[in-house]
Amino acid sequence: MENTNQHPHKPNGNGAVEQYDAIIIGAGVSGLYQLYKLREMGLSVRVFEDAGGVGGTWYWNRYPGCRFDSESETYGYSWSEELLQEWDWKEHFSGQPENERYLNFVADKFNLRPHIQLNSYVSAAVYDENEHRWEVQVEGGQRARAQFLIGAVGVLSAKYTPPFEGIDSFEGESFHTSNWPKEKVDLTGKRVGVIGTGATAIQLIPIVAEEAGHLTVFQRTANYAAPCRNSEVNPETQAVWKANYPEIHKQCRASSAGFQHEFDPRSALEVSEEERLVLYEKLWALPGFTKWLGNFQDIMTNREANETFAEFVRNKIRERVNDPEVAELLAPKDHPFGAKRIPLETYYYEAYNRDNVKLVDVNPAPIEHVTPKGVKTQDAEYEFDVIIYATGFDAVSGPLTRMDIRGEGGKTFKDKWANGPRSYLGIQTAGFPNFFIAASTAFCNYTVCAEMIVEWIADCIGHVREKNLSSIAPTLQAEQEWVDHSNELASYTLLTDTKSWFMGRNIPGKAPALLLYANTVPEYRRRCQEAAASGYREFVVH
Ligand code: NA7
């Protein structure tokens, strides 16, 4: 296999401006498939990737315990029967090392590497209105131009570290989970502090707890974590998947959220408490997001219905944590179940029964700053050898607004999205012709919607080329209607009042807006298909 840490030729920035048909930013799940699609169509394509290897999320998030929260057989690409038959998933919820291997396998199998330039962060992209071309600037000075620019930068790739004073003064080692080193980090016997208790921390904590001498977890908001129930895939199951992939993918595409789970059509409130508990126990015993996406249909829209399950989960936490005070701290009471992303866990709650693990609630006494020796909260000082920031991401808009992207009239993308995402279909933005966002921003099993979006973009680019057009961008009206429609859908959910990355509320100063499209997968696909089938009626073309 080709060495993923190097690239044959990274120009030094003094050369001429390179010309391509399309430039893709990012070589993760979406970017790799976009590259494959556009190459198949005969376009010259360049992918610029910030990382030292392909894989996106699965390159960066190599912290201990990192894995899919989707069933492996539903997360893998569906577009190559050969790939589906050749690849064996080892675990039902595959871990980061295997996921990274998978995406490297894809890059090799489809000969994608010659088109990918690693260690290349795109810092700026400017649209040339006369030539209908994008010119991108890669950090270090290299420039390249293309008619089409695709931001395949993911939704959770711009890491967020709270701006604690003194971070750089810390004398021990510190890591953000999404910038975890490739080399093993030895925590044996060390005093470790973990800041954050989101999905990432919840995967990480049980493993760190076993290795560290002492672990202190700083929690601001408790989460409703549910058992992942991961296991190895046996050969029989592997064979069943391989024989049934078309059916598996069909089921995912037809479901509300791109999984093989489907909501129970009944209301939680129309059945007796006894009946409710029977379903809840059954869901609890199953792997994956069944507890969320196989639940009564109204748990995500009706507060009272939601509370019946929220209390069920709190009781499960209380059963598993020995110290009742710690259990109460871990049992969320400030937001509905599912209003934040449900983390899947493996012995997370049991970690707090260990003598070497301490939970610190930072609500009464927030973290004030980082010191050379550790962390200072308002009422205590904690000394550490290692601090782990599991503090999340500037989601969805962050990776895009951190680049200096300028569309028609020099308008910046950052300004355009200052009050929340403004797009049509989550894919294109008015005033930024030929710029496409290839990231799944639906409530969707990531790859299921990402594939659909990548294919939509490829078709749209095919349309522009076929009709000899120069550019395409949605009308302002189509964009406004999409924003209104998305906000209306958001208003029917229980998501909007919660402080979560879904709402951008985890980032101080970020305008609150639901960053994901709260519709079902079939309905989202229907709208995307309609936009194309109408002959791109809602778009301005030149
Ligand atoms: P999350 O879910 O955004 O979690 C970040 C955590 O960091 C969360 O518990 C935060 O508390 C905590 N945090 C952030 N800033 C602070 C400060 N200043 N003090 C204390 N605690 C803080 O990110 P993850 O990486 O866990 O997961 C992101 C997604 O990746 C996940 O949903 C999956 O889709 C994959 P808060 O909740 O804001 O009170």
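## Second largest pocket

The second largest pocket holds about 420 Å³ of space. A pocket is an open set of points on a 1 Å grid over the protein atoms alone, where a 1.4 Å probe fits, with protein on both sides within 12 Å along at least five of seven lines. Its volume is the space filled by probe spheres set on the points. Lining residues have an atom within 4 Å of a point. There are 31 of them, and Pro 421, Arg 422, Ser 486, Asn 487 and Leu 514 are the closest to the centre.

Helix H16 (residues 476-491) contributes the most to this lining, with six residues. By type, the lining has 19 nonpolar, 10 polar and two charged residues. Gly counts as polar here, and Tyr, Cys and Pro are among the nonpolar.

## Basis of the model

The model is predicted; local features need pLDDT of at least 70, side-chain atom pairs count only at pLDDT 80 or more, and totals for chains, interfaces and linings use all residues. Residues are numbered from 1 along each chain as its sequence is written, and side-chain values use heavy atoms, without hydrogens and water.

Strands E13 (residues 367-370) and E14 (residues 374-377) pair antiparallel over three bridges. Pairing requires at least two DSSP bridges. Strands are DSSP runs (E, at least two residues), as are helices (H or I, at least four), numbered from the N terminus. Three residues form the hairpin link from E13 to E14. His 369 sits opposite Lys 376 of E14.

## His 249

His 249 belongs to helix H7 (residues 235-254). Its relative accessible area is 8%, so it is buried (under 20%, 1.4 Å probe, protein chains only). Beyond its neighbours within four places in sequence, His 249 contacts Glu 73, Tyr 77, Ser 78 and Leu 84 (heavy atoms within 4.5 Å).

Definitions and conventions
Buried means under 20% relative accessible area, exposed over 50%, partly exposed in between (1.4 Å probe, protein chains only).
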